[in-house]
Amino acid sequence: MKKVLLLMFLSVALAACSGKSLKLEITNPSSLDKNNEMVETCPDMIREKLALAQNEKFIILDEAGKQVVYQLVTKGTETIQSVIFPVSVKAEGKVIYTIKKGKPETFVSKVFGRQVPERKDDFAWENDRISFRMYGPALAKENPSNGVDIWLKNTEELVVDQFYRDELEKGLSYHVDHGKGLDCYKVGHTLGAGGISPYVDNKLWVGNHYDSYKILDNGPLRITFELTYDSIPVADKKIKQTVQISLDAYSQLNKAEVSCEGDFDTIQLAGGIFLHKVLGDIKTDIESGYIAYAENAISDAGLASGRDYIAVVLPGMTNVVQDETHLLALAGYKKGDKLTYYFGAGWNKWGFETDDAWFKYVSDYATSLKDPLKVNILEGK
């Protein structure tokens with residue numbers, strides 16, 4: 001489970017830093033190991049305490065003195081808002097990372113995303129674990145939705161551009177596994193693998209294609225983008241919905257922040273999983289806040305392609321609804337607020353040998369959201 005953690009800096013500890021290095025003590029109070037989980041710190045504080053000139057660089061080192069990749073996060077602005085880097089800590093353990101002046105090594109990006117105008121305005125994104133796409137305006141006449149499609153893959157390589165290029169230029173369909181994965185998941189006019197829509201009058205109101213997009217950050221550790229849906233029909237009204245999605249390296253699940261505008265004060269939103277005709281295995285836990293699904297993956301050539309896995313983690317979940325097409329996690333939404341939830345997928349050919357392994361991953365992820373790492377600043381030297 002990989003989450004962003006805002007560092008709590010104590011003024012006394014900051015005053016003790018000498019300006020030559022910063023040491024971060026990161027403690028894991030939980031009974032779960034934290035592997036490659038993102039933490040976040042302030043770039044201005046780093047520059048001030050290390051006395052960095054305008055163009056001077058810094059490096060982050062683990063306890064073995066090995067450089068750690070980091071990302072300067074802008075959130076779509078011209079200013080660096082934060083610095084993120086991955087941390088691994090054993091259950092009930094602690095580690096120390098050091099920040100100091102230096103030339104960063106070159107690291108290969110583990111995330112990527114873009115709009116794909118050559119394929120009907122798909123917005124596709126991925127990390128080293130899994131790939132996704134959502135549908136754009138050029139697909140409007142064909143059966144669009146605000147559902148999430150998944151591309152299963154069994155490589156750390158970034159495959160989005162290759163899959164599209166092979167399909168469009170070489171005739172190698174990404175619906176068939178050519179060695180690195182495939183798209184065998186069917187979405188149609190549904191929420192697919194974790195989309196979100198209003199749930200009003202005991203009915204799910206699935207939207208259409210996104211109307212606009214904006215990329216806020218794009219690697220090497222996190223991609224963040226916004227999709228805006230101008231008019232989702234809800235009964236006799238229309239609702240505008242904006243979803244900001246972030247995917248970190250090493251994670252199977254995206255983080256999504258949802259905001260809605262329209263003629264309402266409160267409304268129910270549903271994060272959903274599309275249930276195909278041959279029903280798979282379902283696991284839900286309202287108290288923990290998740291729904292999870294496992295099913296057979298079948299290529300367009302009719303070949304068995306293992307098991308694909310999907311999940312929605314929704315803190316504050318109030319109910320679970322299952323009908324003929326969807327498994328839904330419900331939560332209340334108040335206009336002007338943001339609803340945060342997590343969605344994603346996996347494959348038994350890349351990290352999850354059994355359904356139970358997937359269900360445990362999702363359960364641990366939901367638990368970990370409630371039990372974050374603790375970070376403290378130690379003296380520099």
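Which residues does Tyr-341 touch, not counting residues up to four places away in sequence? Tyr-341 touches Gly-194, Gly-195, Ile-196, Asn-254, Lys-255, Ala-256, Val-258, Val-312, Val-313, Leu-314 and Pro-315, where contact means heavy atoms within 4.5 Å.

Before going further, a word on the model. This is a predicted model, in which local features need pLDDT of at least 70 and side-chain atom pairs count only at pLDDT 80 or more, while totals for chains, interfaces and linings use all residues. Residues are numbered from 1 along each chain as its sequence is written, and side-chain values use heavy atoms, with hydrogens and water left out.

## The nonpolar cores

Tyr-341 also stands out in the largest nonpolar core: of its 62 residues, Trp-125 and Tyr-341 touch the most other members. A nonpolar core here is a set of buried Ala, Val, Leu, Ile, Met, Phe, Trp, Tyr and Cys residues joined through side-chain atoms within 4.5 Å. Buried means under 20% relative accessible area, exposed means over 50%, and partly exposed is in between (1.4 Å probe, protein chains only). Strand S15 (residues 222-234) gives the most to this core, with six residues. Helices (H or I, at least four residues) and strands (E, at least two) are DSSP runs, numbered from the N terminus. A second, separate core has 22 residues, including Val-39, Ile-46, Val-89 and Val-375. As background, nonpolar side chains tend to be buried together in soluble globular proteins.

## Aromatic rings

Rings of Phe, Tyr and Trp (its six-membered ring) pair if their centres lie within 6.5 Å; planes under 30 degrees apart count as stacked, over 60 as edge-to-face and the rest as tilted. By this rule there are 22 aromatic pairs. The table shows two of them.

| Pair | Centre to centre | Angle between planes | Type |
|---|---|---|---|
| Phe-85 and Tyr-97 | 5.6 Å | 50° | tilted |
| Tyr-342 and Tyr-365 | 5.7 Å | 65° | edge-to-face |

Where do these rings sit? Phe-85 lies in strand S5 (residues 82-89) and Tyr-97 in strand S6 (residues 94-101), so this pair ties together parts that are twelve residues apart in sequence. Both Phe-85 and Tyr-97 are buried. The other pair links distant parts of the chain, with Tyr-342 in strand S24 (residues 339-347) and Tyr-365 in helix H4 (residues 355-369), 23 residues apart. Tyr-342 and Tyr-365 are buried too.

Some rings have a charge over them, a label used if NZ of Lys or CZ of Arg is within 6 Å of the ring centre and within 35 degrees of the ring normal. Lys-203 lies over the face of Trp-205, at 4.1 Å from the ring centre. The charged end of Lys-335 sits over the ring of Phe-264, 5.6 Å from its centre.

## Helix H3

Which residues of helix H3 (residues 160-170) are buried? They are Val-160, Phe-163, Tyr-164 and Asp-166. These residues cover an arc of only 160° around the axis, which puts them on the same side of H3; the arc is that of the directions from the helix axis to the C-beta atoms. Their cover includes strand S7 (112-116), strand S8 (122-126), strand S9 (131-134), strand S10 (149-153) and strand S11 (181-182). The face of H3 turned away from its buried side carries the exposed residues Glu-169 and Lys-170. Gly-171, with a positive phi near 75°, follows H3.

## Loops and backbone details

Asp-121, in the loop between S7 and S8, has a positive phi of about 65° although it is not a glycine. Asp-121 is buried, with a relative accessible area of 16%. Tyr-250 likewise is not a glycine, yet has a positive phi of about 75°. Tyr-250 lies in the loop between strand S16 (237-248) and strand S17 (253-261), and is buried at 18% relative accessible area.

The peptide bond from Gly-219 to Pro-220 is cis, with omega near 15°. Pro-220 is found in the loop between strand S14 (212-218) and S15.

## Cysteines

How many disulfides does a search of the whole structure find? The search finds zero, a disulfide being a pair of cysteine sulfur atoms within 2.5 Å. Cys-42 counts as partly exposed at 29% relative accessibility, whereas Cys-184 is buried, with a relative accessible area of 8%.
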